[in-house]
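Thanks for making time for this. I would like to walk you through one structure, beginning with the whole chain and then moving to a few places within it.

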Amino acid sequence: MAATPSSKKPARTATRTEPLEKKRERALAIVKALRKDFPEARTALTHGSPFQLLVATILSAQCTDERVNMVTPVLFARYDGVAALAGADQAELEEIIRSTGFFRMKAKSIIGCSKGLMERFGGEVPSSIAELITLPGVGRKTANVVLGQAFGIASGVVVDTHVYRLARRMGFSKEKTPERIEQDLMEVFPKRTWIEISNLLILHGRRTCPARKPKCDVCRIREACPKIMS
Ligand code: SF4
């Protein structure tokens with residue numbers, strides 16, 4: 001366990017042997033504290049339907065939400081729904097989404113996903129994780145975003161790069177894959193907080209706890225965080 005750049009004091013919480021109940025207490029304290037900073041925490045991806053959120057989330061891989069939000073109005077003006085994207089020309093779609101990066105793979109996923117929705121789900125986005133992850137380009141992270149933000153269903157915890165980093169720094173997981181970190185977070189945070197905790201940690205990671213130079217001195221949750229920098 002390393003000290004933070006701004007605090008040389010040893011961590012006061014979260015040892016290797018921290019009991020689960022203590023972790024859960026810390027987790028709840030963190031949720032309550034972060035709600036004060038971000039009372040309206042929700043996804044920054046603009047969308048008008050579950051399908052639009054599904055597409056926006058596919059586009060957000062390795063891309064900022066701001067960039068995705070610049071692309072999706074153009075995309076949905078050209079393709080106005082599931083059927084239109086299921087029949088989209090791959091090259092044309094690639095040009096529209098090029099600036100989001102990995103555009104060939106994303107175009108393939110969006111077309112494949114749309115075809116799957118048309119062929120197996122009547123053109124509707126299903127509301128279960130088991131069904132969602134059968135669609136091309138849709139993994140647990142994307143499925144959790146759609147279920148949580150569009151349907152209000154707590155199917156798991158969205159683990160993006162910020163949640164990955166903060167879960168480890170906060171001593172809630174030592175794992176190195178998003179899937180395993182998600183399992184640890186689901187054990188520590190109450191189910192009723194699964195949707196909001198991702199949004200809270202993402203916003204907190206951007207504002208206060210970035211990958212480099214976390215601002216521990218001014219961090220609202222510094223007393224509940226062991227500050228594990230690894
Ligand atoms: S959550 Fe706060 S106290 Fe913990 S490492 Fe990040 S900035 Fe530091």
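This is a predicted model: local features need pLDDT of at least 70, side-chain atom pairs count only at pLDDT 80 or more; totals for chains, interfaces and linings use all residues.

The mean pLDDT of the chain is 92, and 93% of its residues reach 70 or more, but I would be careful with residues 1-12, where pLDDT stays under 50 and for which the model has 20 contacts beyond four places in sequence.

Turning to the fold, the chain holds 11 helices and zero strands, so that, read along the sequence, its pattern is α-α-α-α-α-α-α-α-α-α-α. The radius of gyration is 19 Å, close to the 17 Å that the globule rule gives for 230 residues, and therefore the chain is as compact as a globular protein of that length. Along its principal axes the C-alpha trace spans about 60 × 30 × 30 Å. Of the 230 residues, 38% count as buried, and among contacts between residues at least 6 apart in sequence, 62% join residues at least 24 apart.

After α9 comes Gly171, whose phi is positive, near 75°.

Helix α10 also contains a residue that I would like to look at by itself, namely Glu182. Is Glu182 buried or exposed? It is buried, because 24 other C-beta atoms lie within 10 Å, and the cut-off for calling a residue buried is 20 or more. Leaving aside neighbours within four places in sequence, Glu182 is in contact with Arg140, Gly156, Val157 and Val159. As for Gly156, it is 26 residues away from Glu182 along the chain, yet the C-alpha atoms of the two are separated by 7.1 Å.

Finally, we come to the ligand. There are 12 residues around it, of which Cys209, Pro214, Cys216, Cys219 and Cys225 come nearest.

Technical notes:
Residues are numbered from 1 along each chain as its sequence is written. A residue is near a molecule or strand if its C-beta atom, placed from the backbone, lies within 6 Å of it. Helices (H or I, at least four residues) and strands (E, at least two) are DSSP runs, numbered from the N terminus. The radius of gyration is taken over C-alpha atoms; the globule rule is 2.2 Å times the number of residues to the power 0.38. A residue is buried if 20 or more other C-beta atoms lie within 10 Å of its own, exposed if 12 or fewer, and partly exposed in between; C-beta atoms are placed from the backbone. Two residues are in contact if their C-beta atoms, placed from the backbone, lie within 7 Å. pLDDT is the predictor's confidence in each residue, from 0 to 100.
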